[in-house]
Amino acid sequence: MSILELQNVEKIYGEKENQVHALQNINLQVEEGEFAAIVGTSGSGKSTLLNLIGGLDYPTKGKIFVKNREIGSLPRKKLTIFRRRNIGFVFQNYSLMPVLNVYDNVALPVTFDRGKHINRKYIEELLRELGVWEKRTKYPSELSGGQQQRVAIARALVNKP
Ligand SMILES: Nc1ncnc2c1ncn2[C@@H]1O[C@H](COP(=O)(O)OP(=O)(O)OP(=O)(O)O)[C@@H](O)[C@H]1O
Ligand SMILES: [Mg+2]
């Protein structure tokens, strides 16, 4: 089986007359090591699709397999742990924690995972590679949009997902 597989996935937001069919009958396979880009007009369902693949939301119908695990059948707590250990996610609005500096934002997924030690050398490598090491003690509000985006990328990679 592929590392990621979607079978007849559907996502409906809202109820009755407010219903939005954001995704209909989505089938998709991505192999390990493959890069995939999802392209579409604004409102076409890209974020909806990524939220489902990333285990941030549940599909209305269909199945999503990540590493042979059907994530739609995992209860919320288990899904959170699975997500933290296996998924790296950069949000459209970056979603950095405003009260934490750059370094602590990047370390956050590790600090949440009790029992895991913080690999300071790897965090430094990531921040240097992404050009924000000099900003490590700054807060998100002190960064440009692109810098915030790169910090969000570092945070998404810190657990080697
Ligand atoms: N929480 C929600 N409740 C109701 N409708 C929603 C919700 N989130 C998204 N939608 C609707 O679902 C559709 C898909 O939205 P989505 O955010 O997935 O689009 P997108 O492709 O990411 O767009 P963009 O390129 O603008 O980011 C849109 O019609 C949107 O209005
Ligand atoms: Mg979007």
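Trainee: Which strands and helices each supply at least two residues of the lining of the largest pocket?

Mentor: The model is a predicted one, and the description below should be read accordingly. Strand S2 (20–30), together with helix H1 (46–53), helix H2 (76–86) and helix H5 (145–157), meets that condition, each of these elements giving at least two residues to the lining of the largest pocket. Among the contributors, H1 gives the most, with six residues.

The pocket itself holds about 1500 Å³ of space. Its lining consists of 38 residues, and those lying nearest its centre are Ala 36, Leu 50, Ile 53, Ile 87 and Gly 88. Of these central residues, Leu 50 and Ile 53 fall within the range of H1. By class, the lining comprises 19 nonpolar, twelve polar and seven charged residues.

To place these elements in the chain, one may follow their order. The chain has five helices and four strands, and from the N terminus onward they run β-β-α-β-β-α-α-α-α. Along the principal axes, the C-alpha atoms fill a box of roughly 50 × 30 × 30 Å.

H5, one of the contributors to the pocket lining, also packs against another helix. The axes of H3 and H5 come within 7 Å and cross at roughly 30°. This makes H3 roughly parallel to H5, because angles under 35 degrees are counted in that way. The crossing of H3 and H5 is right-handed. On the H3 side, the contact is formed by Val 102, Asn 105, Val 106 and Pro 109, while H5 brings Val 151, Ala 154 and Arg 155. The residues in this contact of H3 with H5 are divided into five nonpolar, one polar and one charged.

H3 (residues 102–112) also packs with H4 (residues 120–129), at an angle of about 120° and with the two axes 11 Å apart. H3 and H4 are therefore oblique to each other. This crossing, too, is right-handed. Val 102, Tyr 103, Val 106 and Ala 107 of H3 meet Arg 120, Ile 123 and Leu 127 of H4; by class, the contact has six nonpolar residues, no polar residue and one charged residue.

Technical notes. Residues are numbered from 1 along each chain as its sequence is written. Chains are lettered from A and ligands numbered from 1 in the order in which they are written. This is a predicted model: local features need pLDDT of at least 70, side-chain atom pairs count only at pLDDT 80 or more; totals for chains, interfaces and linings use all residues. Side-chain values use heavy atoms; hydrogens and water are left out. Axes are lines fitted to C-alpha atoms, for helices over the stretch in contact, and angles run from 0 to 180 degrees between N-to-C directions. Angles under 35 degrees count as roughly parallel, over 145 as roughly antiparallel, 65 to 115 as roughly perpendicular and the rest as oblique. A crossing is left-handed if the near helix is turned anticlockwise from the far one by less than a right angle, and right-handed if clockwise. Contact means heavy atoms within 4.5 Å. Ala, Val, Leu, Ile, Met, Phe, Trp, Tyr, Cys and Pro count as nonpolar, Asp, Glu, Lys and Arg as charged, and the others, Gly among them, as polar. On a 1 Å grid over the protein atoms alone, a cavity is a set of points where a 1.4 Å probe fits but cannot get out, and a pocket is an open set with protein on both sides within 12 Å along at least five of seven lines; lining residues have an atom within 4 Å of a point. Grid points are joined across faces, edges and corners, and a volume is the space filled by probe spheres set on the points.
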